[in-house]
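Take a look at the fold below.

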Amino acid sequence: MEITGPMLDRFDEILTPEALDFVAALQREFGARRLELLEARQARQAELSGGGMLDFLPETKEIREGDWRVAPPAPGLEDRRVEITGPVDKKMTINALNSGAKVWLADFEDANSPLWENCVAGHLNLRDALDRTIDFETGGKTYALKPDAELATIVVRPRGWHLDEKHATLDGQPVSGSLFDFALYFFHCAQRQIDKGKGPYFYLPKIESYLEARLWNDVFTRAQELLGIPYGSIRATVLIETYPAAFEMEEILYELRDHSAGLNAGRWDYLFSVIKKFRTRGREFLLPERNAVTMTAPFMRAYTELLVRSCHKRGAHAIGGMAAFIPSRRDPEVNAVALEKVRADKTRESGDGFDGSWVAHPDLVPICREVFDGVLGSRPNQLDRLREDVSVSAADLLAVSETPGEITETGLRNNVDVALRYLAAWMGGLGAVAIHNLMEDAATAEISRSQIWQWIHNDITLADTGAQVTKDLVERIILEEIAKIATEPGYDSKLFDQATALFAEVALDDDFAEFLTLPAYARMP
């Protein structure tokens, strides 16, 4: 095992020989299976690109029809009516834990730019938070945990199976980013969490099949054995944020059943996955511009209702999607309109049977809590709402063409603008970025660039100007949007030059990059 990243202040407290031995043990045992599953993704993509279709799996019919349940809710996860998400920097760690949310998704994935410093310092922040020793001062303001207050339950999201940690190699090969993030948190914090009456809890991103969930379950079982942690202490919530996973929800719960904490509706990455999986299939899977795709679209309603039914049938929590609005301190009118949309979104989710939902900013915690309080009252969840009225077919999940909405130059420019701003911030070390009063992360950047790729390859005509979406048009718009951004305070030409080159690669090349974070990470030191 070799560490090639710099050993900054206190990094030796996380990257101990014992912790790295633990990372190496998991990598040696499970690394090959991980690569086989990534190859299986490519094979499945080839089938879909060749005319195949997604459907519920005949080979797992017995699981869907069987009588089984997941483990009961773990301590600290019984009530999840409000969950706040965010990266693992010091400020977010303190603000999230103090926010009044029931759960904090501590994110090493889409909301975290994987600079080496960010990844290792994040583990220091989590450990210090559990020890209640975390604090810092900036701009004359001191941030610290509220003394003696009940803090949000920490649930860590490691990187997805597709990502490496290039600064940690084993036998000359990069270690899985998933195993690196999981192992370091588990090694340093599992017993700390248990001592506090909770446990080591995780959110699992980008899963595409029940076999990938099985791999995680085997990792959990082995990790508990190696460190002498009681079996079943780990609980994991899986984000259903890929199109294939929507057809395997019950199977994913079954594979993790002793370690399962439910499923989450990862709406933004789900839309990206719809485009990615069927990008070669013409207009059958063509979405309107992203701001026009709401959760009331028929295929999105089918996805969320099936998620609630699948979870509650098995005694698992169903957690709703992100409210990404960032309140403005200067524009009360913008706030009023946006907050009403947040309230409507959470009202729909709570009415559909979700047990809780996500927000991106502490100011949204009270709204989400108020809405779910109105449905739950003093109950911790609504697992008793089985939603047996829901019947979702494969055709319902695949009904993308029924989505209302247009594709306009305004929407095209918004996609370009958001992607450029986000990628520049990501290359500079920020993974969660407030852009136009919305918290953007890698998922929304993925939608922006993949939509443009899809529009170019389907000869789309813009509804408001009549122009056809071509590479030349997008290149012109990129230059125009960069010129506008360059007039703003804090413009960094080096970062935006990198962002422009990266965006052109992932949005305009004939070959579709599976994840923009892969070529982006290759450019990162």
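A crossing of two helices is right-handed if the near helix is turned clockwise from the far one by less than a right angle, and left-handed if it is turned anticlockwise. With that in hand, turn to the model, which is predicted. The crossing of α5 and α6 is right-handed.

**Two helix pairs**

Two packed helices are described by the angle between their axes and the distance between the axes. Here are both values for two pairs.

| Helix pair | Angle | Axis distance |
|---|---|---|
| α5 (residues 177–195) and α6 (residues 210–227) | about 35 degrees | 12 Å |
| α13 (residues 409–427) and α16 (residues 493–508) | about 120 degrees | 8 Å |

Start with the pair α5 and α6, whose axes lie 12 Å apart. On the α5 side, the contact uses Ser178, Leu179, Phe182, Phe186 and Phe187. On the α6 side, it uses Trp216, Val219, Phe220, Ala223, Gln224 and Leu227. By class, this contact of α5 with α6 has 9 nonpolar residues, 2 polar ones and no charged ones.

Next come α13 and α16, which pack at about 120 degrees. Angles from 65 to 115 degrees count as roughly perpendicular and those over 145 as roughly antiparallel. α13 and α16 are therefore oblique to each other. α13 passes α16 in a right-handed crossing. From α13, the contact includes Val416, Leu420 and Arg421. From α16, Phe496, Gln498 and Thr500 are among the residues that take part. In the contact of α13 with α16, 11 residues are nonpolar, 2 are polar and 1 is charged.

Leucine 170 has glutamine 173 of β8 as its bridge partner.

**A closed barrel**

Another set of 8 strands closes into a barrel. The order is β2-β3-β6-β9-β10-β11-β12-β13, and the pairing is parallel. From one strand to the next, the twist averages 30 degrees. Alanine 106 has valine 156 of β6 as its bridge partner. Helix α9 (residues 298–313) lies across β10 (235–240), β11 (260–265) and β12 (318–323). α9 runs at about 170 degrees to β11.

Terms used. Residues are numbered from 1 along each chain as its sequence is written. This is a predicted model: local features need pLDDT of at least 70, side-chain atom pairs count only at pLDDT 80 or more; totals for chains, interfaces and linings use all residues. Side-chain values use heavy atoms; hydrogens and water are left out. Axes are lines fitted to C-alpha atoms, for helices over the stretch in contact, and angles run from 0 to 180 degrees between N-to-C directions. Helices (H or I, at least four residues) and strands (E, at least two) are DSSP runs, numbered from the N terminus. Angles under 35 degrees count as roughly parallel, over 145 as roughly antiparallel, 65 to 115 as roughly perpendicular and the rest as oblique. Contact means heavy atoms within 4.5 Å. Ala, Val, Leu, Ile, Met, Phe, Trp, Tyr, Cys and Pro count as nonpolar, Asp, Glu, Lys and Arg as charged, and the others, Gly among them, as polar. Two strands pair if DSSP finds at least two bridges between them.
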